[in-house]
Amino acid sequence: MKYFFTIFIILLIQLSAAKYGVVVTSQKSEVEIPTLRQLRDVFLMKRHYVGDTKVLPINMLLASTLRQRFEKNVLKISRERLNKYWIKQHFQGISPPITQASARSVKLFIKNVEGAIGYLPLSLVDDDMRVLYEF
Amino acid sequence: MRFFLILFFIFTLLANAGHYELGHGVKLHEKLRVGGYFSTDYEVSETKRLARLDDVAVLAYGNLTPELSYLTELEAAPYFQRDFRANTQAYDRHFHKERVYLDYQYSEMANFRLGKQITPIGYWNLEPINVLRETSSNPLLSSKMFPKFLTGLDIYGYLPWFNSVTYHIFMQNNRDIDKEYINIKNEHFFGISLENEDSMDFQYGGSFGEFITEDRKRTHFAQLNAKYELSNLSFQSEVALNHIDNHVTTIKSYKFAAYLQSHYRISAKHALVGRYEYFNDDTTNISNHIGIFGYSYRPIYPVSLKAEYQWNSDEKLNKFITSFSVLF
């Protein structure tokens, strides 16, 4: 009984960790820790630098639950309003951040591309990554 | 015929684009995204019954390097118009250079935009096309108070120590790239604008500067703007004052324009809009109060069907306008 209870607790912790998101960059990257506003501006393509470092934001696919959580807690904007925002930006010649199909490909992108910033489930963060913001 | 060819071209692109969402353009290459828009309107007043295919435009943009990007936009407006009361019609099928510029992102605090671009003043001027507006008509402030376009250099970025404040310092000391396609013809234009984004819902700012028109009138302008957005209700307002110094006649005069617009979203697709405007011009002795009440239907955001009635203090100018516009 004790054995099953321990497994249940471990599973529960892992499940909650999978829902817990972090904004990360590569350990090699010189990106300073951004404020929440800077982070929002970066993912809305209003700001292309954090401090002296050029940054490249990476999104997950539209259907991703982590992306929905990121939009709610970091961008603090509804999907409908975000869609309206990007349509207006299209007229200004600005496209949304590039997307990657999975959290693992986001991770790979961040490790290989200088200045890349993305969000991942906490469970995928390793020693090669630096956490910039938790959400 | 050319219009239908453009539509055919756009639809062919869209059909070949795979995943395409209206209003977001088509990515044809890593360095090229294309889009376009058109608008049609129908206006009825005491003197006119006018049907227009107003804007027909194509735009292309992309990143050449991580720091360098470009945008080009060609537009014909009004592409075709027919006045049923006067029984006249007119065409302008020449595609004008509305925007042609390069953008260089140097740092958080300093970026450079060189070429013909929208003048970075206020809100209305930055989203001038029918489909992005909430009314078919434009307030007089947007066309009478400063040149809509700048053919020159804009230095812009975030102000140091103010995380939410952006600035623009813009300058022009030459003629417009497409001189026939600008509201105020000028060869000298300089200005500074500041904008504070207090939150996504509340923003305010202002600008000042000067321009010299072709007929040698030096105008100093000052302008303020603010907008506030609640979940279903939004307000937007701009005020501008011009001091005009005529070098030929040495007469000095003032021009003033302001508007306050509110927009109420009944549901995701339906909205009501109201606007009050005031315009006063010493030189021409024109003073006008304008009230507008309108309805907007957007089945999806980049498709807009609008209708409005305009009351003017000069009743002869009262009019009904309806429009249909799409952004590709």
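Predicted model: local features only at pLDDT ≥ 70, side-chain atom pairs only at ≥ 80, totals over all residues.

Visitor: In which loop does B:Trp161 lie?

Guide: B:Trp161 lies in the loop between strand S9 (149–158) and strand S10 (165–172) of chain B. Its phi is near 70°, a positive value in a residue other than glycine.

Visitor: Is B:Trp161 buried or exposed?

Guide: The terms rest on a neighbour count: a residue is buried if 20 or more other C-beta atoms lie within 10 Å of its own, exposed if 12 or fewer, and partly exposed in between, with C-beta atoms placed from the backbone. B:Trp161 counts as exposed because it has 6 C-beta neighbours inside 10 Å. A:Lys76 also has a positive phi, near 55°. A:Lys76 sits in the loop between helix H3 (65–75) and H4 of chain A, and is exposed, with 12 other C-beta atoms within 10 Å. For the middle class, take B:Leu53, in strand S3 of chain B: with 18 other C-beta atoms within 10 Å, B:Leu53 is partly exposed.

Visitor: How should I read a helix, and which residues of H4(A) are buried?

Guide: An α-helix has 3.6 residues a turn, so residues three or four places apart point the same way. Helix H4 (residues 79–91) of chain A has 13 residues and reaches 19 Å from its first C-alpha to its last, close to the 18 Å expected at 1.5 Å a residue; the expected span is 1.5 Å times one less than the number of residues. Buried in H4(A) are A:Ile87, A:His90 and A:Phe91. They cover an arc of only 105° around the axis, which puts them on the same side of H4(A). The arc is that of the directions from the helix axis to the C-beta atoms.

Visitor: What do the buried residues of H4(A) pack against?

Guide: They pack against strand S2 (32–45) and strand S19 (319–327) of chain B. Packing is read from contacts, where two residues are in contact if their C-beta atoms, placed from the backbone, lie within 7 Å. Just after H4(A), A:Gly93 takes a positive phi of about 80°.

Visitor: Which residues of H5(A) are buried?

Guide: In helix H5 (residues 103–112) of chain A, the buried residues are A:Val106, A:Lys107 and A:Ile110. Seen down the axis, they fall within an arc of 100°, so they line one face of H5(A). On the other side of H5(A), A:Arg104 and A:Asn112 are exposed. Strands covering the buried residues of H5(A) include S1 (21–26) and S4 (56–60) of chain A.

Visitor: How many residues has the largest nonpolar core?

Guide: A nonpolar core is a set of buried Ala, Val, Leu, Ile, Met, Phe, Trp, Tyr and Cys residues joined through C-beta atoms within 7 Å. The largest has 21 residues, and those with the most contacts inside it include B:Tyr37, B:Val56 and B:Leu327. Two or more residues each come from H4 of chain A and from S2, strand S3 (49–63) and strand S4 (68–76) of chain B. S3(B) gives the most, with 5 residues. Leaving aside neighbours within four places in sequence, B:Leu327 is in contact with residues of both chains, among them A:Ile87, A:Phe91 and B:Tyr37.

Visitor: How many residues of chain B are in contact with chain A?

Guide: 23 residues of chain B are in contact with 21 residues of chain A. S2 and S4 of chain B each supply at least two residues of the side that touches chain A.

Visitor: What does chain B contain in helices and strands?

Guide: Chain B has 2 helices and 19 strands. Of its 328 residues, 33% count as buried. Along its principal axes the C-alpha trace of chain B spans about 60 × 55 × 40 Å.

Visitor: Where does B:Pro78 lie?

Guide: B:Pro78 lies in the loop between S4 and strand S5 (80–83) of chain B. The peptide bond from B:Ala77 to B:Pro78 is cis, with omega near -10°.

How values were computed:
Residues numbered from 1 in each chain as written. Chains lettered and ligands numbered in written order. Helix = DSSP H or I, 4+ residues; strand = E, 2+ residues; numbered from the N terminus.
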